[in-house]
Amino acid sequence: MEARAASAEGQYEITIRDLFKAALRQRPDRVILGEVRSGEAIDMIQVMNSGHDGSICTGHANSAKDMLYRIETMVLMGVEMPLMAIRRQICSAVDVLIHLGRLRDRSRRVLSVEEISGIENGEIQTHVLFCFQEEGEEHGKIKGKLAWTGEPLQFAAKLERAGLRLPEIFS
């Protein structure tokens, strides 16, 4: 399904929020949203918290932590809620953040994989599972790899219940 802007007469607009309602009527196991940009973030968080484990969405931010701040802001664009309630909803809904970034050679790489570990002192906490380790340059291209930090996956059982097959390093 795809959102659509209103016609010149201001009619026939289909918003992401409209699409969420239509999608949920079809009783999906998971919901995949191409990009969260505004108030539909609250809909996505609610979907993820209502039995649609394994749902996925994308968004734009400078880091995984910045994405959490953006989600908070976007939720506030859609509904007026206390910030702590929003953070609790995010922690309950989002398990893993994967941050892709553009390197100085203009290539895009996965720079980090972070698990949300809860709320501490009113802030959402994450821990890095994987991070990109640069190993130098060759012919103007950055060489490197995504390396496991050695941190254990805290909520592996939840992800497995959602149908994700985890690499042996997390067993």
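Me: What makes the contact between H2 and H3 in this model?

Reply: Keep in mind that the model is a predicted one. In it, Ala41, Ile42 and Ile45 of H2 meet Ile71, Met74, Val75 and Gly78 of H3. Sorted by class, this contact of H2 with H3 has 6 nonpolar residues, 1 polar and no charged ones.

Me: Why is H2 called roughly perpendicular to H3?

Reply: Two packed helices are described by the angle between their axes and the distance between the axes. For H2 and H3 the angle is about 105°, and the axes are 6 Å apart. Roughly perpendicular covers 65 to 115 degrees, so H2 and H3 get that label.

Me: And why is H3 called oblique to H4?

Reply: H3 and H4 pack at an angle of about 120°, with their axes 10 Å apart. Roughly perpendicular stops at 115 and roughly antiparallel needs over 145, so H3 counts as oblique to H4. The crossing of H3 and H4 is right-handed, by the way.

Me: What makes up the contact of H3 with H4?

Reply: From H3 come Leu68, Ile71, Glu72, Val75 and Leu76, and from H4 come Leu83, Ile86, Arg87 and Ile90. By class, that's 7 nonpolar, no polar and 2 charged residues. Asp, Glu, Lys and Arg are the ones that count as charged, so Glu72 and Arg87 fall in that class.

Me: Which residues of H4 are buried, and what do they pack against?

Reply: The buried ones are Ile86, Arg87, Ile90, Cys91 and Ala93. They pack against H2, H3, strand S4 (108–120) and strand S5 (123–138). Ile90 touches Ile45, Leu68, Ile71, Glu72, Ile116 and Ile124, leaving out residues up to four places away in sequence.

Me: Which residues touch the most other members of the largest nonpolar core?

Reply: Those are Ile45, Ile71, Val75, Ile90, Val94 and Ile116, out of 24 residues in that core. H2 (40–48), H3 (64–78) and H4 (83–93) each supply at least two residues of this core. Apart from it there is another core, of 6 residues, including Val113, Leu129, Phe130 and Leu153.

Me: How do you know whether Phe132 is buried or exposed?

Reply: Its relative accessible area is 15%. The cut-off for buried is under 20%, so Phe132 is buried. Phe132 lies in strand S5. Leaving out neighbours within four places in sequence, Phe132 is in contact with Leu103, Arg109, Val110, Leu111, Ile142, Lys143, Gly144, Lys145 and Leu146.

Me: What about Asp66: buried, exposed or partly exposed?

Reply: Asp66, in helix H3, has a relative accessibility of 29%. Buried would need under 20% and exposed over 50%, so Asp66 counts as partly exposed. The C-alpha atoms of Asp66 and Gly101 are separated by 13 Å, and the two are 35 residues apart along the chain.

Me: Why is Arg27 called exposed, and what is its phi?

Reply: Arg27 has 74% relative accessibility, and exposed means over 50%, so Arg27 counts as exposed. Its phi is positive, about 55°, although Arg27 is not a glycine. Most residues other than glycine have a negative phi. Arg27 lies in the loop between helix H1 (16–25) and strand S1 (32–33).

Me: Where does His139 lie, and is it buried or exposed?

Reply: His139 lies in the loop between S5 and strand S6 (141–148).

Me: What makes up the secondary structure of the protein?

Reply: It comes to 5 helices and 6 strands. Starting at the N terminus, the elements run α-β-α-β-α-α-β-β-β-β-α. Of the 171 residues, 32% count as buried.

Notes: Residues numbered from 1 in each chain as written. Predicted model: local features only at pLDDT ≥ 70, side-chain atom pairs only at ≥ 80, totals over all residues. Heavy atoms only, no water. Core = buried A, V, L, I, M, F, W, Y, C linked by side-chain atoms within 4.5 Å. Buried < 20%, exposed > 50% of the residue type's maximum accessible area, 1.4 Å probe, protein only. Helix = DSSP H or I, 4+ residues; strand = E, 2+ residues; numbered from the N terminus. Contact = heavy atoms within 4.5 Å. Axes fitted to C-alpha atoms, helices over the stretch in contact; angles between N-to-C directions. Parallel < 35°, antiparallel > 145°, perpendicular 65-115°, else oblique. Left-handed = near helix turned anticlockwise from the far one by under 90°.
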